[in-house]
Amino acid sequence: MARFLARRLILAFVVVFAVASLTFFALNLSGDPISNALSDAGASEEQIAAVRHQMGYDRPIIVRYADFIFSAGRGDFGRSIFYGEETLPLVVARFPYTMILAGVAMLITVLVAIPLGILAATFPDSLLDRTIVTLAALGQSVPIFVVGPILILIFSVHLAILPVSGAESLWSVVLPAVTLSFYPMARITRLLRASMLEVTGSEYVLTARARGFSEFRVVLRYISNNALLPVLTVLGLQLGNLLGGAVIVETVFAWPGIGSLTRDALINSDFPLAQAAVIVIAIAVVVVNFLTDVVYALVDPRIRLS
Amino acid sequence: MAESVPVAPQDAASLLSVRDLSVCFHAKGETVHAVNGVSFDLARGEAIGIVGESGSGKSTVALAIMQLLAPAAEISGSHVTLEGRDLLAMNPRAMRQVRGREIALVFQDPMTALNPVLTVGQHMQEALYLHEGLKGQAAFIRSVELLNLVGIAAPESRLSAYPHQLSGGMRQRVMIALAVSGNPKLLIADEPTTALDVTIQAQILQLLARLRDELDMSIILVSHDLGVVASLSDRVLVMYGGTVVEDATAEQVLLYPKHPYTSALIAARPEIDGDRDVPLRAIPGAAGRQCEPPSSCSFAPRCPECMDVCSQSLPPLLFVNGHGTACWKVSGIDGERIP
Ligand SMILES: Nc1ncnc2c1ncn2[C@@H]1O[C@H](COP(=O)(O)OP(=O)(O)OP(=O)(O)O)[C@@H](O)[C@H]1O
Ligand SMILES: [Mg+2]
């Protein structure tokens, strides 16, 4: 157990370090944030050079990288160019919004996909099954930027029962969360159906029936139980995806989470802020994956944490 | 009590009576006739063996008795009666009462026949609650008792083990303990030792023989190995292509086989103390899938003693002194017997 934890900790560190380094170079090799920002504002060459010198952007990229890594190691992620404030508190302030959005989307996913997957597999090749499979294929292939606006048109504009965007009321989370849940919902419905069908054909299910258990019990204790194991892993991965990949949905619905913060930071050439946001997301994903592994080991007796 | 459909029992001691059982599978526009007109009787406390090569329909007979065939299966024109009640006419609820309590099933692969996420104890509790209504301490005591019965040492410590933590032989013992937890009158064991190594195989067969006496159970033992079947069974059914080709005592089948297929099966058995220079004899040819109900002897294409009549009409299973054979060569082709 201790070895498992130590190994995962080192691995987590390596992943976050790699993500941080990659984003640093990707951002800094793409251009110079100070020139971008100040030339738009109509500053002269001398003014720009002065600010670049003052903020250390005239140093070679390797020196800046070393500086960034050492400061970040001490928890200092620099100041936002746009806001002039420390970046970390800015990011952390947005994080709960992203978590709520991802959490609600995951909840919707689970509440819809699990019953649908079980239903489809219980009546394979029935009309119900085929409908569910078709809808799932559709849900998996329609892009988010199509789903979002359609939902807005229906529920906000046409029916006027849900807010269009923002985060003013509790109800604001519904549309973005539903939009975000489309893909994982479809994916998990299909996965659960396939995994249920596989388990249904297994000998322990036939043996359970031969022992005289009711169909309800067989489905609940023998089929669903085992069929949910692979689903769990994918749920964890999808939650990680939702934490990091909500940029489009947060933009479409003007949801003030990390996704829209990152987008704004990139548009404003606010490299330090974008950098901090990416690192926080990476840490969140690593933590979620770790928790998934722990939960998996808890529910599947065949897996040991080692 | 289970709903009863009165059908006159064949004789008073008869526990299970299978009459003219036929099963076909409809899959992908094709129909496979897996079992064709199988009949046999099983007395209380009797053990019969069913042997035959892969695909001969042994498991299909076992599952048909339990009413656990896949939805693609169709049972036609048959009776399967347990103490006079027709199992084929029972509703699903009544049939569930029969499963586990009157007829129990043990499968080949103990590796996959236990739920991987439940402990041995949880399996036992579940079965004991369903069959006997036992809970808590009572269920624990009975679990230990049952594991003792099937020869598991230190049963208390095994209750918390998961299936993957047990050896193959141990798992099969647990399977058997679960099977007898409902005090069944009949235990169907479908290749219970095939996945185990030879010494364990012998132990499991001994265990089944002991349980049969101690619990007064009837047993149907399914195997492709004539030796395994003969060691435990009073009577042996030899199946080929979904039909019973020979039905006699274990001794008769082993020592005085009449059907050419049975003779070939015995000849094909490797002898441990046999001469190593003698090559193993395989039966030439292969059993085909049957897409039509048989109208002639299905062994005819591979039979060394095949006659014209064999590929023209189906030989009936005829008994002489309790030794049944379905073979024109054996019964003779006097015109009256041909239906
Ligand atoms: N669910 C099914 N769907 C279609 N065909 C099936 C099904 N189950 C069995 N069959 C067919 O029925 C025939 C008999 O199969 P069965 O499993 O009873 O043979 P077996 O004697 O038990 O063989 P083995 O020794 O391999 O277990 C085979 O031809 C098989 O392909
Ligand atoms: Mg079989």
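Analyst: Start with a definition: a polar contact is a pair of N or O atoms within 3.5 Å. Keep in mind that this model is predicted.

User: Which atom of Glu191(B) lies 3.3 Å from an oxygen atom of ligand 1?

Analyst: A polar side-chain atom of Glu191(B) sits at that distance from a ligand 1 oxygen. The protein covers 69% of the 630 Å² of accessible area that ligand 1 has on its own. Lys58(B) also takes part: an N or O atom of its side chain is 2.9 Å from an oxygen atom of ligand 1. Ser56(B) uses a polar backbone atom instead, at 3.2 Å from a ligand oxygen.

User: Which residues come nearest to ligand 1?

Analyst: There are 13 residues around ligand 1, and Ser54(B), Gly55(B), Lys58(B), Ser59(B) and Thr60(B) come nearest. By class, the shell has three nonpolar, six polar and four charged residues. Helix H1 (residues 58-66) of chain B gives the most, with three residues.

User: What does the side chain of Ser80(A) reach at 2.8 Å?

Analyst: That is the backbone nitrogen of Tyr83(A). The Ser80(A) side chain also makes a polar contact with the side chain of Asp270(A), at 2.5 Å. Beyond four places in sequence, Ser80(A) touches Glu85(A), Thr87(A), Leu90(A), Asp270(A) and Leu273(A).

User: Where does Cys24(B) lie?

Analyst: Cys24(B) belongs to strand S1 (residues 14-27) of chain B. Its relative accessibility is 8%, so Cys24(B) counts as buried. Leaving aside neighbours within four places in sequence, its contacts include Thr31(B), His33(B), Ala72(B) and Glu74(B).

User: Last, the interface. How is its size expressed?

Analyst: It is often given as the accessible area lost when the parts come together. Here the area buried between chain B and chain A is about 2100 Å², and carbon and sulfur atoms give 60% of it. Pro116(B), Val117(B) and Glu126(B) supply 26% of the area that chain B buries against chain A, more than any other three residues.

User: How many residues of chain B are in contact with chain A?

Analyst: Chain B brings 28 residues into contact with 20 residues of chain A.

Definitions and conventions:
Residues are numbered from 1 along each chain as its sequence is written. Chains are lettered from A and ligands numbered from 1 in the order in which they are written. This is a predicted model: local features need pLDDT of at least 70, side-chain atom pairs count only at pLDDT 80 or more; totals for chains, interfaces and linings use all residues. Side-chain values use heavy atoms; hydrogens and water are left out. A polar contact is a pair of N or O atoms within 3.5 Å; within protein, one must be able to donate a hydrogen and the other to accept it, and residues adjacent in sequence count only if both atoms are side-chain atoms. Contact means heavy atoms within 4.5 Å. A residue is near a molecule or strand if one of its heavy atoms lies within 4 Å of it. Accessible areas come from the Shrake-Rupley method with a 1.4 Å probe; for residues, only the protein chains shown count as cover. Helices (H or I, at least four residues) and strands (E, at least two) are DSSP runs, numbered from the N terminus. Ala, Val, Leu, Ile, Met, Phe, Trp, Tyr, Cys and Pro count as nonpolar, Asp, Glu, Lys and Arg as charged, and the others, Gly among them, as polar. Buried area is the accessible area (1.4 Å probe) that two parts lose on being put together, summed over both. Buried means under 20% relative accessible area, exposed over 50%, partly exposed in between (1.4 Å probe, protein chains only).
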